[in-house]
Amino acid sequence: MTLNPKLAKLLNEQINNEMSSSYIYLAMAAWFEQTPYMGFAGWMFNQSREETMHALKFYQYVVDRDAAVVLQPIAKPRADFKNPIDVFETSLKQEQKVTQQINELFEVAEQVKDHASKNLLLWFLNEQMEEEKTVRDMLDRLKLAGNDPASLLVLDREAGARQAPTGSGGGTPRSHPGA
Ligand SMILES: [Fe+2]
Ligand SMILES: [Fe+2]
């Protein structure tokens, strides 16, 4: 079954959206690297890698469906943040935006009765639900910690201990054994 042109265009756009997310998270990691919060830096670095994997998953799907991959420039990400809460609030907004994008993709897949694409997009919708929850949980606890350095460092350590979700393919420099 040939990929519907409108769906092919949107799937290509999603490759770019995921790469943009990856870049946004990499900028957040870099911002945290300039602070004492090494755990949060590791969290955002892992998140960036996850988003690249998402982009590659869409890439592979477009290729497997025998459609053309068309890559676009990646927007410059925001580099300045007020505090950890500001970063995680931005992260939650980004995830909500991506959820909306994938919802729209799903609707188009449904309109053109492309069940294979719907299957792929359902995987992503579940992934989005998980990601939004993870970010929201951390944000809630950051708000609870407020400006208390001891509480913030506990959350930072917890963030640093968090493993990259399974299926992301191996560890990062930070999660490498002995690192
Ligand atoms: Fe993603
Ligand atoms: Fe995400």
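Which side chains meet in a salt bridge at 2.8 Å, N to O?

1. Basis of the note. This is a predicted model, in which local features need pLDDT of at least 70 and side-chain atom pairs count only at pLDDT 80 or more, whereas totals for chains, interfaces and linings use all residues. Residues are numbered from 1 along each chain as its sequence is written, chains are lettered from A and ligands numbered from 1 in the order in which they are written, and side-chain values use heavy atoms, with hydrogens and water left out.

2. Glu 18 in helix 1 (residues 5-33) and His 54 in helix 2 (residues 38-64) are 36 residues apart, so that the pair links distant parts of the chain; helices are DSSP runs (H or I, at least four residues), numbered from the N terminus. Glu 18 counts as buried at 0% relative accessibility, and His 54 likewise counts as buried at 2%, where buried means under 20% relative accessible area, exposed over 50%, and partly exposed in between (1.4 Å probe, protein chains only).

3. The iron ion (ligand 2). Glu 51 (OE), Glu 95 (OE), Glu 95 (OE) and Glu 131 (OE) are the protein donors of this ion, at 1.8 to 2.4 Å, and their spacing along the chain is E-x43-E-x35-E. Glu 95 in helix 3 (residues 84-111) and Glu 131 in helix 4 (residues 115-145) are 36 residues apart and link distant parts of the chain. Both are buried, Glu 95 with a relative accessible area of 1% and Glu 131 with one of 9%.

4. The arrangement around the iron ion (ligand 2) is irregular because its four donor atoms subtend angles of 54 to 143 degrees, whereas four donors count as tetrahedral if all angles lie between 85 and 135 degrees. The two iron ions, ligand 1 and ligand 2, are 3.4 Å apart, and Glu 51 coordinates both.

5. Lys 143 is partly exposed at 46%, as is Glu 89 at 30%. Another joins Lys 118 and Glu 110 (4.0 Å, N to O); here Lys 118 is buried, with a relative accessible area of 17%, while Glu 110 is partly exposed at 42%.

6. The opening question. Lys 133 and Asp 137 are the side chains that meet in a salt bridge at 2.8 Å, N to O. They are separated by about one helical turn, because they stand four residues apart in helix 4. Lys 133 counts as partly exposed at 45% relative accessibility, and Asp 137 is partly exposed with a relative accessible area of 31%.

Methods: Donors = N, O, S within 2.8 Å, 3.2 Å for Na, K, Ca; no water. Tetrahedral: all angles 85-135°; square planar, octahedral: opposite > 155°, others 65-115°. Helix = DSSP H or I, 4+ residues; strand = E, 2+ residues; numbered from the N terminus.
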